[in-house]
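Please work through the following exercises with the sequence and the structure side by side, and try each task before reading its solution.

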Amino acid sequence: MPTQNSPYSAFATLLASSGQPISPAELHGLLLGRSCAGAGFEPAPWLMDASDLFSAEPEENIKQALIGLQQMVKAELTGDEITVVLLLPNDDAPLAERAIAMGQWCQGFLAGFGLTARDAALSAEAMEVLQDLAAIAQVQEALEESEDGENDYMEVMEYLRVAPLLLFTECVKPAAPAAPKPSLH
């Protein structure tokens with residue numbers, strides 16, 4: 001079965017063709033981090049935050065891709081099936097490449113979260129998640145090309161799919177439903 005072009009590869013190609021030296025993983029992490037901290041899903045502030053990572057004003061096709069990425073993240077965080085898909089290289093990429101991208105994703109997430117987080121105190125569990133992300137961002141070269149390395153990578157991946165949901169749930173409190181109006185009979 002031939003390997004298909006992954007969303008990560010397609011995004012990397014788009015960025016490279018525009019001369020942008022940014023990792024799709026870091027961009028996705030930034031977006032998810034700011035979203036989980038309560039930035040909302042308006043395109044203009046997201047494009048402004050993302051453009052800080054670019055070496056020049058992003059071209060229109062990049063802006064449209066960024067808006068599409070934001071719509072995907074919004075659907076993941078606010079939809080009925082709460083699941084987060086990380087924008088990382090496919091499993092057939094070398095483990096070292098995947099680990100570096102995972103570290104970039106964590107760095108982007110922490111930057112986005114820190115850029116957006118308000119002064120509200122976080123729970124001990126949320127603080128632990130942020131500390132874990134900081135640690136994961138540093139261990140990218142510690143994974144060895146082996147079955148144990150693959151297993152460690154997959155365990156961390158599963159954690160990274162759940163961690164943003166905890167932070168989103170804590171930081172983006174849903175609006176309280178309006179009290180039902182008394183019915184007049």
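**Exercise 1.** Determine which parts of this predicted model are tied together by the salt bridge between Arg34 and Asp49.

*Solution.* Begin with the side chains of Arg34 and Asp49, which meet at 2.7 Å, N to O, and apply the cut-off of 4 Å between a side-chain nitrogen of Lys or Arg and a carboxyl oxygen of Asp or Glu.

**Exercise 2.** Describe how H1 and helix H2 (residues 24-36) are arranged, and which residues make the contact.

*Solution.* First consider the axes, which come within 9 Å and cross at roughly 105°. Because angles of 65 to 115 degrees count as roughly perpendicular, H1 is roughly perpendicular to H2. Then list the contact: H1 contributes Tyr8, Phe11, Ala12 and Leu15, while H2 contributes Pro24, Ala25 and Leu27. By class, these residues divide into seven nonpolar, no polar and no charged.

**Exercise 3.** Characterise the largest pocket by its volume and its lining.

*Solution.* Start with the volume, which is about 230 Å³. The lining comprises 16 residues, and those nearest the centre of the pocket are Val85, Leu86, Leu87, Leu88 and Asn90. Turning to the helices, H1 (7-17), H4 (60-78) and H7 (147-171) each supply at least two residues of this lining. To finish, sort the lining residues by class, which gives twelve nonpolar, two polar and two charged.

Conventions:
Residues numbered from 1 in each chain as written. Predicted model: local features only at pLDDT ≥ 70, side-chain atom pairs only at ≥ 80, totals over all residues. Heavy atoms only, no water. 1 Å grid on protein atoms, 1.4 Å probe; cavity = no way out; pocket = protein on both sides within 12 Å on 5 of 7 lines; lining within 4 Å. Points joined across faces, edges and corners; volume = space filled by probe spheres on them. Helix = DSSP H or I, 4+ residues; strand = E, 2+ residues; numbered from the N terminus. Nonpolar A, V, L, I, M, F, W, Y, C, P; charged D, E, K, R; others polar. Axes fitted to C-alpha atoms, helices over the stretch in contact; angles between N-to-C directions. Parallel < 35°, antiparallel > 145°, perpendicular 65-115°, else oblique. Contact = heavy atoms within 4.5 Å.
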